[in-house]
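Reader: I would like a close look at one part of this model. Please keep it brisk.

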Amino acid sequence: AGTAKMAALSGRTGWLRGWLPALPLLRRGSKAVTRHWRAMNFQRQKLLAVTEYLPPRPAVPPRCLPAPGDHPQEEDGYVRLLRRQVEEVFRSSRMVAVCQYNSMPDEDVVLMRHYLRKHNIEVKFVLNEIIRPVLAESKYRNLLPLFVCRNILLASPETRAKEMLRVLKGIPQVNLLGACIDDTILSRQGVENFARLPSLEASQGQTVGALSLLPSQTSSLLQRGPFLLTALLDEHIRRLRDTGAPGQPPQGQGT
Amino acid sequence: PAGPGGAAVPRAGLKKLVLPPDYSGIVFPEKPKLKFMDKVPAVPKVRREPRRLRDIRGPSREATDFIQGQYGILALGGGYLHWGHLEMIRLTVGRHMDPKSMFAVWRVPAPSKPVTRKSLGHRMGGGKGPIDRYVTAVRSGRLVVELGGRCHFGEVQPFLAQVAQKLPFPAVPVSRESLREMRREEEEKRLNNQNPWTFERVVTSNMLGMRKYLSPYDLRLHGRYWGKFFLKHRV
């Protein structure tokens, strides 16, 4: 029995005859590594509770601070290309019209492009996120409020607003919002008025006619005095002739 | 962008074209699929070995980092893998992966530790039981299998998660980046812990005589391991 006790509890110091440990360790209970979750000593549980992880708490909670905002991603080459194209459009065309675009069937889009191409107007689909920064930095700042929803640009090197309006009148899905013609921003009304204006040749002829109106009246102005005198004298002769008809017509002084 | 009336108009915006991933530095082994593991080693052991459960306890020292592949299964607890588990892994991974574009590599040796079992229904005593099977010991923090090739993590994660769920210890599919991220987060937690009292500090300086209630292994394990379990939430 003595040897059995020694063999079982050989690691214990203070093993003296008659000494029994207060807690019978390793007699019953599990080994260190078990399949189940071995019960922890209460002191150990307390230690684990005390030494838990405490996350840092900044003085100002992050949700009270303004949002950090994502870092601007490096610019895509594709985005740069589209921006260059938009700048080119604005630079090369005299007339740029902004229209709202609602979804149309594809064949109608092709037809619209065809009709507008006949009048030398190009249709360009633009994305707001590309065109907004381009316009904000250029002189077309006031066109920014137009670029909100889906839109298209009708660009042309000539200013043929009448034909454009006629084509767009037949398409209910495309609505003209505004235009920039010859560096002048026009609203929808302005474009309609512009279309109603006579063409350049007609207006030139009108101007020439208006300018030459006064000089054409000069000769008639100068001859007005003598004409009046002639008319008065003729009237006088007629009256004398009428009164002197029963008698002798007086010898009229000729003029 | 607000439309008329203040309501925001949802827009798709410009498509952000992403470059395809670069798989240039990947070297395929001769056999892409997992090798077959024997149930019993070539020279079966005659002498029955003691249980030695300390090969499950604590963090792993080997196979903690990636060697060839990009994705793998990380063990988050200790346990024994026997032939059935290894077959399950081999077959599931082989079924789901494409041998032409992916390869898989074992990070765990063939079972070599004999485990005994007494026959059912007998009382205690009568000596040690005969060898029942062979197992491999896996500690927490060890990689079990590694996967690589021309694939991204999203393709590989579903079946790795399926395999990880069936293992006898908690496991999680990882990639090189996610493992690095995990280690970095752990380190960050350790550094920005606001609690002045840490398990490590209490144990090394034996504050309040705590070592009476703790094991000498806790000096090394710092309270993050309990038996075969890995306590992930501990700092």
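Reader: Which side chain meets that of R44(A) in a salt bridge?

Author: The partner is D218(B), in this predicted model. Its side chain and that of R44(A) come to 2.7 Å, N to O. A salt bridge here needs a side-chain nitrogen of Lys or Arg within 4 Å of a carboxyl oxygen of Asp or Glu. The rule finds 1 salt bridge across the interface of chain A and chain B.

Now the wider interface. Contact (heavy atoms within 4.5 Å) takes in 33 residues of chain A and 32 residues of chain B. Together the two chains bury about 3000 Å², and 65% of it lies on carbon and sulfur atoms. That is accessible area (1.4 Å probe) lost on putting the two parts together, summed over both. R44(A) returns here: with V33(A) and Y53(A), it supplies 24% of the area chain A buries against chain B.

Polar contacts link 10 residue pairs between the chains, both residues at pLDDT 80 or more. Each is a donor and an acceptor, N or O, within 3.5 Å; sequence neighbours count only through side-chain atoms on both sides.

Which helices take part? On chain A, α2 (42–50), α3 (77–92) and α5 (128–137) each supply at least two residues to the side touching chain B. Helices are DSSP runs (H or I, at least four residues), numbered from the N terminus. α2(A) gives the most, with 5 residues.

Residues are numbered from 1 along each chain as written, with chains lettered from A and ligands numbered from 1 in written order. Side-chain values use heavy atoms, without hydrogens or water; local features need pLDDT of at least 70, side-chain atom pairs 80 or more, while totals for chains, interfaces and linings use all residues.
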